[in-house]
There are 6 protein chains.
Amino acid sequence: MLSTTREKLQTVSTATLATALFKRGLKNQFIQGVKPLSKGKPTMVGEAFTLRYIPAREDLNPISVFQDPKHPQRVAVETCPKGAVLVIDSRKNSRAASAGSILASRLMVRGAAGIVTDGGFRDSAEIAKLNMPSYHHRASAPTNLTLHQAMDINVPIGCGDVAVFPGDVIVGDDDGVMVIPAHLADEIAEEAINMTLYEDFVTERVLAGHTIVGLYPLTKEENREAFEQWKKQQEGTKEKE
Amino acid sequence: MLSTTREKLQTVSTATLATALFKRGLKNQFIQGVKPLSKGKPTMVGEAFTLRYIPAREDLNPISVFQDPKHPQRVAVETCPKGAVLVIDSRKNSRAASAGSILASRLMVRGAAGIVTDGGFRDSAEIAKLNMPSYHHRASAPTNLTLHQAMDINVPIGCGDVAVFPGDVIVGDDDGVMVIPAHLADEIAEEAINMTLYEDFVTERVLAGHTIVGLYPLTKEENREAFEQWKKQQEGTKEKE
Amino acid sequence: MLSTTREKLQTVSTATLATALFKRGLKNQFIQGVKPLSKGKPTMVGEAFTLRYIPAREDLNPISVFQDPKHPQRVAVETCPKGAVLVIDSRKNSRAASAGSILASRLMVRGAAGIVTDGGFRDSAEIAKLNMPSYHHRASAPTNLTLHQAMDINVPIGCGDVAVFPGDVIVGDDDGVMVIPAHLADEIAEEAINMTLYEDFVTERVLAGHTIVGLYPLTKEENREAFEQWKKQQEGTKEKE
Amino acid sequence: MLSTTREKLQTVSTATLATALFKRGLKNQFIQGVKPLSKGKPTMVGEAFTLRYIPAREDLNPISVFQDPKHPQRVAVETCPKGAVLVIDSRKNSRAASAGSILASRLMVRGAAGIVTDGGFRDSAEIAKLNMPSYHHRASAPTNLTLHQAMDINVPIGCGDVAVFPGDVIVGDDDGVMVIPAHLADEIAEEAINMTLYEDFVTERVLAGHTIVGLYPLTKEENREAFEQWKKQQEGTKEKE
Amino acid sequence: MLSTTREKLQTVSTATLATALFKRGLKNQFIQGVKPLSKGKPTMVGEAFTLRYIPAREDLNPISVFQDPKHPQRVAVETCPKGAVLVIDSRKNSRAASAGSILASRLMVRGAAGIVTDGGFRDSAEIAKLNMPSYHHRASAPTNLTLHQAMDINVPIGCGDVAVFPGDVIVGDDDGVMVIPAHLADEIAEEAINMTLYEDFVTERVLAGHTIVGLYPLTKEENREAFEQWKKQQEGTKEKE
Amino acid sequence: MLSTTREKLQTVSTATLATALFKRGLKNQFIQGVKPLSKGKPTMVGEAFTLRYIPAREDLNPISVFQDPKHPQRVAVETCPKGAVLVIDSRKNSRAASAGSILASRLMVRGAAGIVTDGGFRDSAEIAKLNMPSYHHRASAPTNLTLHQAMDINVPIGCGDVAVFPGDVIVGDDDGVMVIPAHLADEIAEEAINMTLYEDFVTERVLAGHTIVGLYPLTKEENREAFEQWKKQQEGTKEKE
C-alpha cells in the first residue's frame with residue numbers, strides 16, 4: 001500500500017471500512033469474536049504477516065520445543081516486518097494462549113504495528129499496557145503448547161472466520177479488526193476518508209438536532225450544499241491551526 | 001407507567017427487579033447475553049419501542065436501501081417516543097451491526113431513554129460516550145445490511161431470549177437489562193423500592209460484621225426491629241439534607 | 001500450603017503457573033471462561049472451599065427456601081474458612097446468578113480470599129468494588145433459584161471444565177483462575193518464583209532490544225551469565241530499599 | 001410458481017438449487033441446522049406459509065390458551081393452503097417443541113406439502129411416519145408453551161438464519177431445506193433441471209472411470225459432444241418406456 | 001412408584017408427560033440434547049440411579065484406576081438396582097465417552113431398565129443393539145478417563161440441564177428422556193394414561209379429516225360425547241381381543 | 001504402515017484404539033463432531049491425504065474457479081493415493097458443503113479408502129450409498145465456494161480439533177474417526193488386536209452373567225486362566241472353519 005494509505009487508514013473507523021468493502025461485494029472481512037486488549041488506543045494499521053497453528057499433539061509439543069530457534073512461533077516474532085500486523089490463526093480456540101507478553105514485547109520492539117489472534121493471549125494485563133495494539137477473543141493463561149502447534153509462517157489463513165492473505169491490510173479500532181484485500185487498500189482508504197468526512201458532518205448535524213432523513217444517506221440537495229460549505233469551513237479551520 | 005414509577009425504577013437494581021418478578025412466576029425477563037457499552041451510567045428506564053430484524057437476503061439489501069426514508073430502521077429512529085427504549089430483535093446475531101453511532105446519536109437527541117440489541121453496535125466507542133445508556137452483545141463493525149433486514153416496528157419481539165412487548169418497561173444497569181411487563185410496572189417498582197431499602201440496611205449490617213443468618217432473608221425478630229429503627233434514622237438523615 | 005507459599009503465589013502470574021503445571025503433565029488447570037469482575041486487583045490466592053449447584057427444580061426452589069438457615073448457599077458463605085476461595089460449580093450456566101453482593105460482602109468480611117463461579121454474579125458493579133477478588137463468566141441479574149439449586153459444600157466439583165478438589169490452591173489474576181493441586185502447591189510456588197525472576201529479566205532485555213533467540217527459553221550460555229549478574233544486581237537493589 | 005415448476009423441483013436436489021442460487025448472488029438460502037425426521041422421502045416442494053414464535057412469557061402461556069380457536073398456532077394449521085409448506089420461526093430453540101403429531105397430521109390431511117421448524121418437534125416418531133416430509137433440528141418433548149409463543153401468521157420470518165417470505169418456494173431433500181425467492185422459482189427450476197441432467201451424465205461417467213478434469217465443470221469439447229449424444233440416448237430410452 | 005405406574009408409563013409418550021408436568025409448573029424436566037442410540041425400542045421406564053462425573057485430572061486418571069474394584073463407575077454398574085435407569089452426569093461433555101459396551105452389557109444383564117448420559121457412549125453400535133434402551137448426545141470413542149472422573153453414586157445430579165434426584169422416575173422414547181419427580185410419578189402416570197387415550201381418539205379423528213378446532217383441546221360438547229362413545233367401543237374391542 | 005497393519009485395524013474399534021493411544025499419552029486423537037453418513041459399513045482404514053480450506057473471499061470464489069484443472073479441491077480428488085483417506089480441514093464449518101457426490105464418487109473409483117470432513121457434505125444421500133465410508137458433521141447443500149476456499153494439499157491440518165499429518169493412519173467406525181500417528185500405527189494395531197480379543201472374551205462372559213470386577217480390567221488370576229483357555233478354544237474353532 002501507499003504510505004499515504006497507512007496514514008489515511010489511521011483516521012477512519014473499521015465500521016466505515018466495512019461499508020466501503022460491502023459496496024464491493026466483500027461482506028466477510030470483519031474478524032469475528034476478537035476485541036482489543038486495551039480500548040482507546042490509536043488505530044492499528046499494517047500489512048498482515050501470518051502464523052498458522054494446528055491442534056497440538058502431545059508428543060510433539062513438550063516444553064523443550066521452544067529451545068529450537070527455528071520454532072515457527074519464535075521465527076514469526078523475529079521475522080515479522082516493521083509496520084506489519086502479526087495475525088495468528090488459532091482456530092478460534094482460546095482455551096490455551098496464542099502467545100504471551102514476552103513475544104508481544106519483542107514484536108513491539110521490532111516495530112510491528114500490532115498483533116491479532118482469534119484465540120487468546122496470556123499475560124494479558126502486560127500486553128494491554130504495551131505501546132502496540134493487540135486483539136484476541138479472551139485472556140488465556142495456559143501455554144500455547146497445550147493446544148496449539150505453530151506450523152506455517154506467512155501462508156493464507158483463516159482468522160475469526162475471515163480469509164487473511166499475507167499482505168492484506170489489517171485495520172483495528174475499538175470495534176475490532178477489518179481485513180482489506182491488498183489490491184483494494186489504496187482505493188478503500190481514499191473512499192473511507194471521504195466517507196468519514198461526511199459522517200463527521202452528519203454527526204455534527206445530528207447532535208445539533210437535525211433529522212437523519214435526507215441527510216444519512218444524503219438524498220436531499222440542501223444537505224449536499226450544507227456539506228460543501230461545512231467542508232470549506234473545516235479546511236479554513238485546519239489551515240489556521 | 002406512572003411518572004413516579006420511572007423515578008422509582010431509576011433507583012433500584014435489575015437484580016432486585018428479577019427477584020420481584022420471580023416471586024410472581026416470571027423467571028425469564030432478563031435479556032440474556034447483553035451488557036452495557038459503558039459501565040457506571042445512570043440506570044436506564046423506559047417503555048419498549050421495538051424493531052424486528054430478519055436475516056438479510058442479498059438482493060433486497062444493497063447499500064441503496066437506506067435512501068428510502070421509509071426504511072424501517074430509519075423510521076424506528078425517527079419515531080421512537082421520548083422516554084422510550086429502542087429494543088432491537090437481532091436474533092442474537094452480532095456478526096453484523098444492529099446500528100451505529102449516527103442513529104444512536106439521533107435517538108439520544110430525540111429524547112430516547114436508551115437502546116438495546118441482542119446483536120452488536122458499530123462505532124461502539126462513540127456510542128459508549130453518548131449521554132444515553134446502550135446495551136449489546138459485542139461490538140460489530142459490518143453494516144447491518146450484511147446480515148439483518150429491518151422488518152417491523154413496535155411488534156412483539158424476542159430479544160436475548162426474552163419476550164418484549166411494546167410498552168413493557170425496560171430497566172438497565174451494569175448487570176444488564178430487565179423487561180417488566182407493562183401491567184406490573186407500577187407494583188413492581190413500589191415493591192423494589194422497599195426491597196432496596198432493606199438490602200441497603202442488610203449491606204450496611206454485613207459490612208459491619210453481622211451474619212446473614214436471620215438477616216437475609218429477614219427471619220429474626222430483632223433484625224426487623226433494627227431495620228425499623230434504621231429506617232427512621234435514614235429518614236431523619238434525609239430530612240436534614 | 002506453607003504460609004510462604006501463599007506469599008510466593010501472590011507475586012507470580014497464572015501464566016507462569018500454567019507452564020509449571022504443564023511441565024508436570026497437568027494441562028487442564030485453567031478455569032475456562034471466567035474473568036475478573038474488576039481488573040488490576042492484587043493476585044487472589046487461597047485454598048478452594050467448594051459449593052456445588054445442580055439445575056433448579058421449580059417446586060423445590062421458591063423464594064422462601066432462603067429462610068432456612070441450613071440452605072447450602074448460606075451455609076457455604078458462613079463457613080468458608082478465612083483465607084479460602086469459594087469456588088462455585090454453576091455448570092457453566094450464567095443465565096441466572098450464582099450469588100449477589102450481600103453474600104460476597106459477607107464472605108469478604110469473614111476473611112475469604114476470593115470468590116469464583118463458572119456462572120455469573122448479580123449486583124456485579126457492587127461486587128467489583130469489594131476489597132476481594134471475584135471471577136465469573138458474565139453478569140446475571142436473575143436470582144440463583146431461577147436455575148441453580150445449591151446442593152453440596154466442599155465436595156470435589158467441576159468449575160469451568162477443571163476439577164477442583166477442596167483444599168486445592170486457587171490463584172487468580174487478570175488472565176483468570178488457575179487451580180493447583182494441593183500436594184503440588186509448595187513446589188509449584190517455589191518454581192514459579194524462579195521462573196518469574198527469569199521472565200522479569202527477559203522482559204527487561206527484550207524491551208532493551210535483545211532477540212528472544214537463545215534468551216527465551218535460555219539456551220545461550222552468555223544469557224545465563226547475564227542473568228546471574230542481573231540477579232545479583234536485583235538483590236543489591238532490594239537490600240538498599 | 002408455474003405448476004410445471006413444482007414438478008421440476010421435485011426432481012432436483014437442494015445442492016443443485018444452492019448452486020443455481022449462488023450464481024445469482026444468493027448465498028444464504030439453505031436453512032441451517034435442520035434435517036428430515038425421516039430420510040428417503042420424496043422431495044418436498046411448496047410455497048412458504050409462515051408462523052412466527054417469540055419467547056413465551058409464563059403468564060401469557062398457560063395450557064388453557066389452546067382453548068382459544070384463534071390461537072395463532074392452531075389458525076396456522078387450519079389455514080395453511082393446500083400444497084404449501086408451513087415454515088416456523090422457532091428462533092433456533094429446540095428446548096421445547098414447535099408442534100406435535102396431531103397438528104402435523106392435521107396439516108397433512110389438509111394437503112400441506114410439508115412442515116419445517118428451526119426448533120424441534122415432539123412425537124417425532126409419529127411425525128416421521130406421516131406421508132408428508134418434515135424437518136427440524138432435533139426432537140423435543142416439552143409443549144411449545146414452555147418456551148414459544150405463537151405470534152404472527154404469514155409474515156416474513158427468519159428460519160435457520162435464512163429470510164423466508166410468504167410465497168417463497170421451499171424445497172427439501174435429505175440434505176435439508178432450500179428457500180427459493182418466489183420471483184426466481186420458475187427460472188431456477190428450469191436451470192436446475194438442466195444442471196441435474198448434466199450431473200447425471202457426469203456421475204455415470206465418473207462411475208465408469210472418467211476423470212472429472214474437463215468434465216465437471218465441462219471445459220473439454222469432447223465431453224460436450226458426449227453429453228449431447230448421451231442426452232439423445234436418454235430421450236430414446238424414455239420414449240421406449 | 002406403584003408397579004402399575006411402571007406399566008402405565010410404558011404406554012405413554014414423553015410429550016404427554018411433559019404436558020402433565022407443565023400443568024404442575026414443572027417446565028424443565030426434559031433432558032436436553034440426548035437421543036436414543038437406537039430408535040423404535042420399547043419405552044424406557046425406571047427409577048433414577050445416578051453417577052456423577054467431574055472433569056478428569058491427569059494424575060488421578062491413569063488407565064490403572066480401573067483395577068480398583070471400588071472405582072465409582074464400576075461400582076455404579078455393579079450396584080444399580082434391577083429396574084432402575086443409570087443416569088450419568090457427564091457435564092454435557094461428549095468429547096470423551098461416559099461408558100462403553102461392556103459396562104452397558106453388564107447393566108443389561110443385571111436387569112437395569114436403561115442408561116442415560118448427557119455425554120456420549122463408545123462402542124455405540126454395540127450398545128445400540130442391546131436389549132436395553134440407551135440415550136446419549138453423540139458417539140464418542142475416547143475412554144472416559146480422558147475427560148471424566150467418576151466421583152459419586154446416587155447423589156442428586158444435573159443431566160442435560162435437568163435436576164435428577166435418585167429415585168426420580170425416568171421415561172424415555174424416541175423424542176428423548178423425561179424426569180418425573182418421585183412423589184408425582186403415580187399421579188402423572190394415571191393422568192398421562194387418560195391424556196393418551198384422548199390423544200389417540202383425536203389422532204383417529206384428525207386422520208379421518210376432522211378439524212382440530214374444538215377437538216384439541218376439547219372445547220366442543222359434541223366431541224366430548226364422541227369421545228365417550230369411542231372409549232366404549234375401544235373397551236369393547238379390547239375385551240374381544 | 002505394514003500391509004498387515006491395515007488388515008488388523010479393519011478388525012478393531014476406534015474405542016479400543018483410543019485406549020491404546022491414551023496409554024501412550026495421546027488423548028486427543030478422536031476427530032470431534034463427525035459421524036458416518038451411513039452406519040454399519042466396514043471399518044475405514046487408510047493413510048491421511050489432507051486438504052486445507054480457508055474461509056472463502058467472495059471475489060476469489062466465483063463458480064468459474066472450478067474450470068481451472070489446478071483448483072486444489074479437484075487436484076486433491078485426482079491425486080489422493082489408492083488406499084488413502086482424504087481428510088478435509090473445513091474449520092468445523094458445515095454451513096456450506098466440503099464436497100459433493102461427484103467428487104466422492106470419483107475418489108471411490110480411484111480407490112480411496114474413505115473421506116472425512118469436519119464440515120458437511122452435499123448430496124449426502126448419494127454419498128451415503130457409495131461403497132466407501134464417509135464422515136462429516138452434518139449434511140450441507142450450499143456449494144463449498146460459499147464459505148470455503150481450498151488452499152493446500154497434503155499439509156498438516158486440524159480436523160475436528162485433532163492434528164492430522166499426511167500419512168497418519170485414519171480409522172473410522174460407527175463411533176467416528178481416530179487418527180493414529182504414522183510411526184505408531186504398527187504397534188498400536190498389534191496391541192489393539194490383543195485388546196480386542198480380550199474384550200470379546202469379556203463380552204461373552206458378561207453376557208453370560210459374570211461380574212466385571214476382576215474381569216475388566218483383568219485383575220483376578222482365575223479370569224486370566226479362563227481367558228487363556230478361551231483363546232485356545234477360539235483358535236480351535238477357527239481352525240475347523
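Modeller: Begin with the word contact, which means heavy atoms within 4.5 Å. Keep in mind that this is a predicted model.

Colleague: Which residues is Asp152(A) in contact with, leaving aside its neighbours within four places in sequence?

Modeller: Asp152(A) is in contact with Thr50(A), Leu51(A) and Arg52(A). Asp152(A) itself sits in strand β8 of chain A, residues 148-153. With Arg52(A) there is also a polar contact from side chain to side chain, at 2.9 Å.

Colleague: Now to pairs of chains. How many residues does the contact take from chain A and from chain F?

Modeller: Chain A gives 30 residues and chain F gives 30 residues. Together they bury about 2,100 Å², with 54% of that area from carbon and sulfur atoms. On the side of chain A, 27% of the area buried against chain F comes from Arg57(A), Glu58(A) and Arg91(A), more than from any other three residues.

Colleague: How many salt bridges does the rule find across the interface of chain A and chain F?

Modeller: The rule asks for a side-chain nitrogen of Lys or Arg within 4 Å of a carboxyl oxygen of Asp or Glu. Across this interface it finds two salt bridges. One of them joins Arg91(A) to Asp89(F), at 3.1 Å from N to O. Residue pairs in polar contact between chain A and chain F number eight, both partners being at pLDDT 80 or more. The elements of chain A that each supply at least two residues to the side touching chain F are β2 (44-55), β8, β9 (157-159) and β10 (162-164). By class, that side has 14 nonpolar, six polar and ten charged residues.

Colleague: Let us take another pair. What area do chain C and chain B bury between them?

Modeller: They bury about 2,400 Å², 63% of it on carbon and sulfur atoms. The contact draws 31 residues from chain C and 29 residues from chain B. One salt bridge is found across this interface: Arg95(C) pairs with Asp161(B), with the closest N and O atoms 2.7 Å apart. Twelve residue pairs are in polar contact, both partners at pLDDT 80 or more.

Colleague: Which elements give two or more residues to the side of chain C that touches chain B?

Modeller: They are α3 (72-79), α4 (101-109) and α5 (124-129) of chain C. Of these, α4(C) gives the most, with six residues. The residues of that side divide into 15 nonpolar, eight polar and eight charged.

Colleague: How far apart are the nearest C-alpha atoms of chain B and chain F?

Modeller: They are 13 Å apart, and the two chains do not touch. Chain B and chain E are not in contact either, with their closest C-alpha atoms 10 Å apart.

Methods:
Residues numbered from 1 in each chain as written. Chains lettered and ligands numbered in written order. Predicted model: local features only at pLDDT ≥ 70, side-chain atom pairs only at ≥ 80, totals over all residues. Heavy atoms only, no water. Buried area = accessible area lost by both parts, 1.4 Å probe. Polar contact = N/O pair within 3.5 Å; in protein donor to acceptor, adjacent residues only side chain to side chain. Helix = DSSP H or I, 4+ residues; strand = E, 2+ residues; numbered from the N terminus. Nonpolar A, V, L, I, M, F, W, Y, C, P; charged D, E, K, R; others polar.
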